[in-house]
Amino acid sequence: MIIIGIDPGTASTGYGIIEKIVPRHRGNKNKEQKNINLFRCLGYGLIKTTPAVPTPERLKKIHQELLKILKTFKPTVLVMESIYFFKNLKTAIPVSQAQGVILLAAAKKKIPVFQYTPLQAKAIVTGYGRAEKKTVQKKIKSLLKLKELPKPDDAADALAIAMAHFLLKKR
C-alpha cells in the first residue's frame, strides 16, 4: 500500500509519500514478527507557486505537478488535510481551490480520498491533538526512520497526514 499525504495550499502544497511494507518471513513464523507493520518514506516535498501568477495558472501548476507525482509513485490512497476552521476567509478560499484541483487529480487517477483535520492527524500520530509542529516532526522522523526532521512544514504536515491514515487504518 502506498499512501500520499497532501497539505493543500495555493502558494505551497506539501506532499509526502509512505509505503507499507509487508515483512517477509523466512521460516520464522513468530507471532510478534507477524504483527509488525513496517513502512518507509518514499519521498516528500512541495509544489510551489508564486503570487505574481494568476490564480488559474497557479491551480493548473498544482494539478499538473500532482499528476506527475501520482504517475511516479502510483499511490493507492490519497489523504488530504481538511479545512476545519479559518479566521480569515481570504485564506480559506485559496486552500479550498487547491483542494479542488487535488480532488480532481485523485478522481482522474481513480484514487480514493480520505480527509482529516490537523487536530485529528496530530492526535493519531502523537497521541495529543494540540501537539506542536516540532513534536509532530520528531515523531514522524522516528516512525519513518528519517535521518533528519522533515522540512519544510507543509511537507512534514503531509507526511503526518499520510502516517495518521496508516496508523488509523491499522487499528
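This is a predicted model: local features need pLDDT of at least 70, side-chain atom pairs count only at pLDDT 80 or more; totals for chains, interfaces and linings use all residues.
**Overall layout**

- Reading from the N terminus, the elements follow the order β-β-α-β-α-β-α-β-α-α-α.
- Taking contacts between residues at least 6 apart in sequence, 64% of them link residues at least 24 apart.

**Helices α4 and α5**

- Two packed helices are described by the angle between their axes and the distance between the axes.
- Helix α4 covers residues 118-126 and helix α5 covers residues 133-144; they pack at an angle of about 50 degrees, and their axes are 10 Å apart.
- The crossing of α4 past α5 is left-handed.
- On the α4 side, the contact is made by Lys122, Val125 and Thr126; on the α5 side, Thr135, Val136, Lys139, Ile140 and Leu143 take part.
- Sorted by class, the residues of this contact between α4 and α5 are four nonpolar, two polar and two charged.

**Helices α5 and α6**

- Helix α6 spans residues 153-170, and α5 packs with α6 at an angle of about 60 degrees, with axes 10 Å apart.
- These two helices, α5 and α6, are therefore oblique to each other.
- Here too there is a handedness to note: α5 passes α6 in a left-handed crossing.
- From α5, the contact draws on Lys133, Val136, Gln137, Ile140, Leu143 and Leu144.
- From α6, the partners are Asp153, Ala156, Asp157, Leu159, Ala160, Met163 and Leu167.
- The contact of α5 with α6 holds nine nonpolar, one polar and three charged residues.

**Helices α4 and α6**

- The axes of α4 and α6 come within 8 Å and cross at roughly 60 degrees.
- In this pair, α4 passes α6 in a left-handed crossing.
- Ala121, Ile124 and Val125 of α4 meet Ala160, Ile161, Met163, Ala164, Leu167 and Leu168 of α6.
- What classes do the residues of the contact of α4 with α6 divide into? There are nine nonpolar, no polar and no charged residues.

- Ile140 has a relative accessible area of 0%, and since buried means under 20%, Ile140 counts as buried.
- Not counting residues up to four places away in sequence, Ile140 touches Val125, Lys145, Leu146, Pro150, Leu159, Ala160 and Met163.
- Ile140 and Pro150 are ten residues apart in sequence, while their C-alpha atoms are 7.7 Å apart in space.

**Glu19 in strand β2**

- Strand β2 runs over residues 12-21 and includes Glu19.
- Is Glu19 buried or exposed? With a relative accessible area of 18%, Glu19 is under the 20% cut-off and is therefore buried.
- The side chains of Glu19 and Arg40 are joined by a polar contact of 2.7 Å.
- Leaving out residues up to four places away in sequence, Glu19 touches Met1, Ile2, Leu38, Phe39, Arg40 and Leu42.

**Gly45 in strand β3**

- Gly45 belongs to strand β3, which spans residues 38-48.
- Gly45 is buried, because its relative accessible area of 12% is under 20%.
- How many residues apart in sequence are Gly45 and Ala155? They are 110 residues apart in sequence, and 5.2 Å apart in space from C-alpha to C-alpha.
- Apart from neighbours within four places in sequence, Gly45 is in contact with Thr13, Gly14, Tyr15 and Ala155.

**Val22 in a loop**

- Val22 is found in the loop between β2 and α1, the latter being residues 31-34.
- At 65% relative accessibility, Val22 is over the 50% cut-off and so counts as exposed.
- Val22 and Leu38 lie 16 residues apart in sequence, and their C-alpha atoms are 6.7 Å apart in space.

Note on methods:
Residues are numbered from 1 along each chain as its sequence is written. Side-chain values use heavy atoms; hydrogens and water are left out. Helices (H or I, at least four residues) and strands (E, at least two) are DSSP runs, numbered from the N terminus. Buried means under 20% relative accessible area, exposed over 50%, partly exposed in between (1.4 Å probe, protein chains only). A polar contact is a pair of N or O atoms within 3.5 Å; within protein, one must be able to donate a hydrogen and the other to accept it, and residues adjacent in sequence count only if both atoms are side-chain atoms. Contact means heavy atoms within 4.5 Å. Axes are lines fitted to C-alpha atoms, for helices over the stretch in contact, and angles run from 0 to 180 degrees between N-to-C directions. A crossing is left-handed if the near helix is turned anticlockwise from the far one by less than a right angle, and right-handed if clockwise. Ala, Val, Leu, Ile, Met, Phe, Trp, Tyr, Cys and Pro count as nonpolar, Asp, Glu, Lys and Arg as charged, and the others, Gly among them, as polar. Angles under 35 degrees count as roughly parallel, over 145 as roughly antiparallel, 65 to 115 as roughly perpendicular and the rest as oblique.
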